[in-house]
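Hi,

Here is the structure I promised to pass on to you. Please open it beside this email, and then read on for what was found.

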Amino acid sequence: MNEEVEPEIVNEIARSADVLPGTLYMLPVSKKPIFPGQIIPVVIDFGIWESTFKSIHSEDMSYLGVAYAHGVDTDDATVDQLAEIGTVCRIHQLERQDNQIHMVVSGVQRLQILDWVSRERPFAAQVRYFPETAKTGSNQIKGYTTAIFNTIKELLPLNPMYGEELKMFLNNFGTADPSRLADFGASMTTADASELQDIMDTIDLAPRMKKALVLLRKEVEIAKVQSDIRTHIESELSQHQRENLLREQLKFIQKELGISKDDREAEIEGFRNRLAQLTVPEHASRKIDEEMEKMAMLERGSPEYTITRNYLDWLTSIPWGLCSEDCLDLGVARAILDADHEGLDEAKQRILEFIAVGKMRGGISGSIVLFVGPPGVGKTSLGRSIANALARKFYRFSLGGMRDEAEIKGHRRTYIGSMPGKFVQALRECGTSNPVIMLDEVDKVGASYRGDPAHALLEVLDPEQNREYLDHYVDVRVDLSNVLFICTANQVDTIPVPLLDRMEEIRLSGYLTDEKIAIARRHLLPKQVASAGLRKRGQLRIDSNAIRRIIDGYAREAGVRRLEKMIGTIVRKSVMKLLDGHPPPVHVKSADLEDYLGKPRYEKESLIAGVGVARGLAWTALGGSTLDIEATRAHSFSRGFRLTGHLGEIMKESAEIAYSYVIGNADSLGVDNRFFEKAMIHLHVPAGATPKDGPSAGITIASALVSLARGKQIRSSLAMTGELSLTGQVLPVGGIREKIVAARRMKIRKIILPSRNQGGYEELPDYIRKGLDINFVSHYQEVLELAF
């Protein structure tokens, strides 16, 4: 619907010489102010401004006051939000379209709002005008005029849009009107509305021209940056298009001459070249052929093409039937194991037996070995040494904290970013079908809503199943029967029984002090010296006594990881001394260790002796240790039994069993029945901050209670371990090797063990058993005779 509000259409431009009314109806504008001499279309809401234009029509006016309203829409502005300086505009084409008023206004001259006649719509105000002389002879004005006009000419080549505006201005005003030129220059810019209003508010011509010139110079700089960006982008695009065109022409020419194939054919040919060197099973070959036919029909730009291409890349990267030749020379294997590891004679012997059986059978396949031992004893490095001894490729990944079974079995190809599982990745990286794959920290596998990786390992680590292992991504049976799997764990308690049943367990206990000294001398110290850039001889010397004191006071753990850190600290501080001018060599003695390492972490243990004190042997994840158990009679007011020392549930039950056994068999144990009638017995196991659990302290707790009741001290230099039953039977316990090593470290020679652990003890190496007085018992009465 088109409805004309004002019948008369005025087409001529308003001149400042026209007679202007003293009272004007006012219209706010929100985008930016309208300058004198500027012609601009305006669109406003008919429903809101109908009264204003009806009043203008009724008074037969053709002028309208326009003022900038800061921060509000035109339709929401109030008279208090209008700028004081505005522009009187002549109304040209005025018509209504779809509930909107469309008009063209031309600015005539500046006005100042003196007073409001109507503060409600239609807004009306008394105004004052600022007529300006078109010409002036001031040199300053002439200079500004020339500068503004030249700046505008600079803008024209940078932005052609300014050309039409300049042509219209020159047709209407020319360059002889400096006031119009300043306002026109300001209106051309993309400056903020507040900056443009500042020019509107500047009545004096010279300051106004100066401000307009500043805005124009800014606009020139912005336009130059935009032009440079546009030119750079167009240059890159044209270069890219040219290269693409030449590349396509080259492909077409090569194809016509028969000397080249397109990218799809080249990729398929590359896959076929890979397969020519492999012995691919029939079922896998059939799948690969199907995928290649599918790839040949797909468009290169389609998502399905990329998925198929990646799938074929993995299928053809698996080393089907490609095996490295095993080195089954026992002499070479023994030399490598001895060179890489000190001690561990039992583990080395088991490994050599394993290789010997493989040599007799003609190959090592379908084997899963589990190394169990405390941290830092060389489980991971031993696996690498096995790979070197067999001349096989080695691949290691950690299962610690793994919670997604897709890491083992692979992701299905329907997912974005899907990949095969770790075992297929290992085959691809090693390039052979018979690598040594190490699964580190198998006892620390987690479980989540994504599945249980430990259960996914059941198929992999089963020699009867892994010859047809199915990865979710590859979706083709892969033979893993030639892979030698080596797993490592600190303990077997958290490994699922079905998984543990598939492995051949080899235990690595902690090192003795002499073994640690040899390891430090032959392996750790040379490694740290080389990493620090020192020459092996002549610059640093560490005494054997100093290394022994490091082991006893700073690195008493079963492994050698902390020992290596301590040696590294000494080496680094020695390097600083040498660089500070210390004459070589730096000689580190036992007495100097506190200067390098601070106070010892472990104080020298003293064997506690006294009535009610018994010494046990304990196993921990870090190796074996001694365990002193103290019992005392707290008071005689009431009967009771109190336990302290951060004990677990099993150890608490073991203590209660020992307490019940001693009271129930007091006569046979030589204990006065009346001792426990009103005695509050307090049993403590130091240190209180260390958690303790397990049944192996049963006979030790009973011995401490008997010693307290008899008032007689247990023989010194005696340690014991064994579970106690209510009938006095001494039951077998675990961790015998670690416990024996702990006793040797404390120079304890007399040890009581359960008789059913005798077989495990006799399997220990001779150098561990040498010089020990081991007593095997099956009943507590035998313990009693040995202890007292």
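**What was found**

Glutamate 653 is partly exposed, with a relative accessible area of 48% (buried means under 20%, exposed over 50% and partly exposed in between, using a 1.4 Å probe and protein chains only). Before going further, please keep in mind that this is a predicted model, where local features need pLDDT of at least 70, side-chain atom pairs count only at pLDDT 80 or more, and totals for chains, interfaces and linings use all residues. Residues are numbered from 1 along each chain as its sequence is written, and side-chain values use heavy atoms, leaving out hydrogens and water.

**Surface patches**

You can find glutamate 653 in helix H21, residues 649-664 (helices, H or I, have at least four residues and strands, E, at least two; both are DSSP runs numbered from the N terminus). Together with Glu649, Glu656 and Asp693, Glu653 makes a patch of negative charge on the surface. Patch residues have over 30% relative accessible area and no salt bridge, with like charges joined within 9 Å and nonpolar side chains (Val, Leu, Ile, Met, Phe, Trp, Tyr) within 5 Å. Asp and Glu count as negative, Lys and Arg as positive, while His and the chain ends are not counted.

Val225, Ile229, Ile233 and Leu237 make a nonpolar surface patch of about 360 Å². Leucine 237 sits in helix H6, residues 205-257, and is partly exposed at 47% relative accessible area.

**A covered helix**

How many of the ten residues of helix H23 are buried? The number is eight, and this helix spans residues 736-745. Among them are Ile736, Ile740 and Val741, but also the charged residues Arg737, Glu738 and Lys739. Just after H23, lysine 747 has a positive phi of about 60 degrees.

**Strands side by side**

Strand E7 (residues 124-129) runs antiparallel to strand E2 (residues 23-29), and three bridges join them (two strands pair if DSSP finds at least two bridges between them). In this pairing, threonine 23 has glutamine 126 of E7 as its bridge partner. E7 is also antiparallel to strand E6 (residues 100-118), with six bridges joining the two. Here serine 118 stands opposite alanine 124. E6 and E7 form a hairpin, with five residues between them.

**Salt bridges**

A salt bridge is a side-chain nitrogen of Lys or Arg within 4 Å of a carboxyl oxygen of Asp or Glu. By this rule there are 28 of them.

- Aspartate 183 pairs with arginine 110, and their closest N and O atoms are 2.9 Å apart. The pair links helix H4 (residues 178-188) to strand E6, across 73 residues. Aspartate 183 is buried at 1%, and arginine 110 is buried at 1% too.
- Arginine 392 meets aspartate 326 at 2.7 Å, N to O. Arginine 392 is in the loop between helix H12 and strand E9, and aspartate 326 is in the loop between helix H9 and helix H10, 66 residues apart. Arginine 392 is buried at 7%, whereas aspartate 326 is partly exposed at 22%.
- Arginine 549 joins glutamate 594, with the closest N and O atoms 3.5 Å apart. Arginine 549 lies in helix H18 (residues 544-553) and glutamate 594 in helix H20 (residues 593-597), so the pair ties together parts that are 45 residues apart in sequence.

Salt bridges with shared partners also join Glu267, Arg274, Arg309, Asp313 and Arg428 into one network.

Enjoy exploring!

Methods:
Areas by Shrake-Rupley, 256 points an atom, 1.4 Å probe, with all protein chains shown as cover. Charge placed at Lys NZ, Arg CZ, Asp CG, Glu CD.
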